[in-house]
Amino acid sequence: MDLPFGGGCACGAIRYECSGAPVYMGNCHCRDCQQATGSAFFPAVAVREREFRLLGGEPAWFERPADRGHPMRRAFCPECGSPVFLKNGASEGVRVLYAGSLDDPGLYRPSRDIFVGSAQAWCPMDPDLPKDKGMPGR
Ligand SMILES: [Zn+2]
Ligand SMILES: [Zn+2]
(Lines give C-alpha, C1' and ligand atoms only; values in the text may rest on other atoms or scores of the structure.)
(Ligands and ions follow the chains in the order given, each with its own letter.)
Protein backbone atom coordinates (compact mmCIF):
# COMPACT_ATOMS: atom_id res chain seq x y z
CA MET A 1 0.00 0.00 0.00
CA ASP A 2 1.30 3.45 -0.90
CA LEU A 3 1.65 5.80 2.06
CA PRO A 4 0.35 8.25 2.90
CA PHE A 5 -3.18 7.56 1.65
CA GLY A 6 -6.02 10.03 1.88
CA GLY A 7 -9.70 10.54 1.58
CA GLY A 8 -12.56 12.89 2.27
CA CYS A 9 -16.20 13.71 1.72
CA ALA A 10 -18.17 14.15 -1.50
CA CYS A 11 -17.97 17.96 -1.60
CA GLY A 12 -14.27 18.07 -0.70
CA ALA A 13 -14.66 20.19 2.45
CA ILE A 14 -13.33 17.40 4.65
CA ARG A 15 -9.94 15.95 3.78
CA TYR A 16 -7.82 13.53 5.79
CA GLU A 17 -4.54 11.71 5.42
CA CYS A 18 -3.04 8.60 7.01
CA SER A 19 0.70 8.05 7.29
CA GLY A 20 0.46 4.39 8.33
CA ALA A 21 -1.26 1.28 6.94
CA PRO A 22 -4.62 0.27 8.45
CA VAL A 23 -4.53 -2.00 11.51
CA TYR A 24 -7.84 -3.66 10.59
CA MET A 25 -10.30 -3.78 7.70
CA GLY A 26 -13.66 -5.51 7.84
CA ASN A 27 -17.38 -5.35 7.06
CA CYS A 28 -19.79 -4.55 9.89
CA HIS A 29 -23.40 -5.58 9.27
CA CYS A 30 -24.88 -4.19 12.50
CA ARG A 31 -28.06 -2.09 12.37
CA ASP A 32 -26.27 1.09 13.48
CA CYS A 33 -23.82 0.76 10.60
CA GLN A 34 -26.63 0.07 8.16
CA GLN A 35 -28.37 3.27 9.23
CA ALA A 36 -25.16 5.31 9.26
CA THR A 37 -24.19 4.21 5.75
CA GLY A 38 -27.68 3.88 4.27
CA SER A 39 -26.44 0.56 2.93
CA ALA A 40 -26.06 -3.10 3.88
CA PHE A 41 -22.82 -2.80 5.84
CA PHE A 42 -20.01 -0.51 6.91
CA PRO A 43 -16.69 -1.17 5.17
CA ALA A 44 -14.46 -0.25 8.13
CA VAL A 45 -10.83 0.82 7.81
CA ALA A 46 -9.19 1.20 11.25
CA VAL A 47 -6.08 3.34 11.44
CA ARG A 48 -3.92 4.50 14.35
CA GLU A 49 -5.06 7.85 15.70
CA ARG A 50 -1.49 9.14 15.76
CA GLU A 51 -1.11 8.28 12.06
CA PHE A 52 -4.32 10.09 11.13
CA ARG A 53 -4.40 13.77 10.26
CA LEU A 54 -7.38 15.97 9.42
CA LEU A 55 -6.19 18.23 6.59
CA GLY A 56 -9.29 20.33 6.13
CA GLY A 57 -12.89 20.79 7.16
CA GLU A 58 -14.73 20.41 10.43
CA PRO A 59 -16.99 17.37 10.61
CA ALA A 60 -20.28 17.20 12.49
CA TRP A 61 -20.63 14.35 14.99
CA PHE A 62 -23.49 12.03 15.85
CA GLU A 63 -23.15 10.01 19.05
CA ARG A 64 -25.04 6.93 20.07
CA PRO A 65 -24.07 4.22 22.58
CA ALA A 66 -22.98 0.93 21.01
CA ASP A 67 -24.50 -2.38 22.09
CA ARG A 68 -21.94 -2.74 24.89
CA GLY A 69 -22.71 0.77 26.16
CA HIS A 70 -19.58 2.62 25.09
CA PRO A 71 -20.00 5.79 23.01
CA MET A 72 -19.81 5.48 19.23
CA ARG A 73 -19.20 8.84 17.59
CA ARG A 74 -19.69 9.07 13.84
CA ALA A 75 -18.42 12.03 11.84
CA PHE A 76 -19.99 13.33 8.67
CA CYS A 77 -19.62 16.42 6.51
CA PRO A 78 -22.14 19.11 7.54
CA GLU A 79 -22.17 20.39 3.94
CA CYS A 80 -22.72 17.23 1.88
CA GLY A 81 -23.66 14.67 4.55
CA SER A 82 -21.04 12.08 3.59
CA PRO A 83 -19.95 9.83 6.45
CA VAL A 84 -16.16 10.03 6.77
CA PHE A 85 -14.95 8.35 9.97
CA LEU A 86 -15.90 7.34 13.49
CA LYS A 87 -14.41 7.04 16.94
CA ASN A 88 -15.27 3.99 18.99
CA GLY A 89 -15.16 4.61 22.75
CA ALA A 90 -13.99 1.02 23.24
CA SER A 91 -10.96 1.44 20.96
CA GLU A 92 -8.79 4.28 22.24
CA GLY A 93 -6.12 5.45 19.85
CA VAL A 94 -7.96 4.17 16.80
CA ARG A 95 -9.98 5.99 14.18
CA VAL A 96 -12.20 4.11 11.77
CA LEU A 97 -12.63 5.36 8.22
CA TYR A 98 -15.49 4.59 5.84
CA ALA A 99 -13.82 2.81 2.92
CA GLY A 100 -16.04 4.67 0.46
CA SER A 101 -14.47 7.94 1.61
CA LEU A 102 -10.99 6.86 0.53
CA ASP A 103 -9.52 8.50 -2.55
CA ASP A 104 -8.83 4.94 -3.70
CA PRO A 105 -11.55 2.68 -2.26
CA GLY A 106 -9.87 -0.14 -4.18
CA LEU A 107 -7.30 -0.49 -1.44
CA TYR A 108 -9.98 -1.85 0.88
CA ARG A 109 -9.35 -5.53 1.76
CA PRO A 110 -11.95 -6.81 4.24
CA SER A 111 -10.63 -9.51 6.58
CA ARG A 112 -13.99 -10.66 7.95
CA ASP A 113 -17.74 -10.01 8.25
CA ILE A 114 -19.01 -9.09 11.73
CA PHE A 115 -22.54 -8.75 13.15
CA VAL A 116 -23.77 -11.06 10.40
CA GLY A 117 -26.76 -11.79 12.67
CA SER A 118 -28.29 -8.62 11.21
CA ALA A 119 -26.86 -8.99 7.68
CA GLN A 120 -29.36 -8.49 4.89
CA ALA A 121 -30.44 -11.31 2.58
CA TRP A 122 -29.97 -8.98 -0.41
CA CYS A 123 -26.32 -8.46 0.47
CA PRO A 124 -24.09 -11.20 -0.92
CA MET A 125 -21.10 -11.96 1.33
CA ASP A 126 -17.73 -13.43 0.40
CA PRO A 127 -18.03 -17.06 1.64
CA ASP A 128 -14.24 -17.20 2.15
CA LEU A 129 -14.23 -14.49 4.83
CA PRO A 130 -14.60 -15.47 8.53
CA LYS A 131 -18.00 -14.57 9.99
CA ASP A 132 -18.94 -13.39 13.46
CA LYS A 133 -22.56 -13.28 14.57
CA GLY A 134 -21.80 -10.18 16.64
CA MET A 135 -18.52 -8.74 17.77
CA PRO A 136 -15.52 -11.00 17.06
CA GLY A 137 -14.51 -13.12 20.03
CA ARG A 138 -17.83 -12.99 21.85
ZN1 LIG B 1 -18.62 17.44 2.17
ZN1 LIG C 1 -21.49 -1.81 12.95
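**View 1. Phe62 and the pairing of strands S6 and S7.** Phe62 has Arg74 as its bridge partner in S7, in a model that is predicted rather than determined by experiment. Strands S6 and S7 run antiparallel and are joined by six bridges. S6, which spans residues 60-65, is one of the edge strands of the sheet and pairs on one side only.

**View 2. The open sheet.** Seven strands, in the order S6-S7-S8-S9-S4-S3-S10, make up an open sheet whose pairing is mixed. The edge strands, each of which pairs on one side only, are S6 and strand S10, the latter comprising residues 113-114.

**View 3. The hairpin of S7 and S8.** Strand S7, residues 71-76, pairs in the antiparallel sense with strand S8, residues 83-88, and five bridges hold this pairing. Within it, Ala75 has Phe85 of S8 as its bridge partner. Six residues lie between the two strands of this hairpin, and in the turn Gly81 adopts a positive phi of about 85°.

**View 4. The hairpin of S8 and S9.** Strand S9, residues 94-98, runs antiparallel to S8 and is joined to S8 by two bridges. Here Phe85 stands opposite Leu97 of S9. Five residues separate S8 and S9 in this hairpin, where Gly93 in the turn has a positive phi of about 80°.

**View 5. The largest nonpolar core.** This core comprises 29 residues, and those with the most contacts inside it are Cys28, Val45, Val84, Phe85 and Leu97. At least two residues of the core come from each of the strands S2 (15-18), S3 (24-28), S4 (42-48), S7, S8 and S9, with S4 giving the most, namely four residues. In soluble globular proteins, nonpolar side chains tend to be buried together. Once its neighbours within four places in sequence are left aside, Cys28 is in contact with Cys33, Phe41, Phe42, Ala44, Ile114 and Phe115.

**View 6. Leu107 in the loop between S9 and S10.** Leu107 lies in the loop that runs between S9 and S10. Apart from its neighbours within four places in sequence, Leu107 is in contact with Met1, Phe5 and Leu102. Leu107 and Leu3, although 104 residues apart in sequence, are 11 Å apart in space, C-alpha to C-alpha.

Terms used
Residues are numbered from 1 along each chain as its sequence is written. Chains are lettered from A and ligands numbered from 1 in the order in which they are written. This is a predicted model: local features need pLDDT of at least 70, side-chain atom pairs count only at pLDDT 80 or more; totals for chains, interfaces and linings use all residues. Two strands pair if DSSP finds at least two bridges between them. A nonpolar core is a set of buried Ala, Val, Leu, Ile, Met, Phe, Trp, Tyr and Cys residues joined through C-beta atoms within 7 Å. A residue is buried if 20 or more other C-beta atoms lie within 10 Å of its own, exposed if 12 or fewer, and partly exposed in between; C-beta atoms are placed from the backbone. Two residues are in contact if their C-beta atoms, placed from the backbone, lie within 7 Å.
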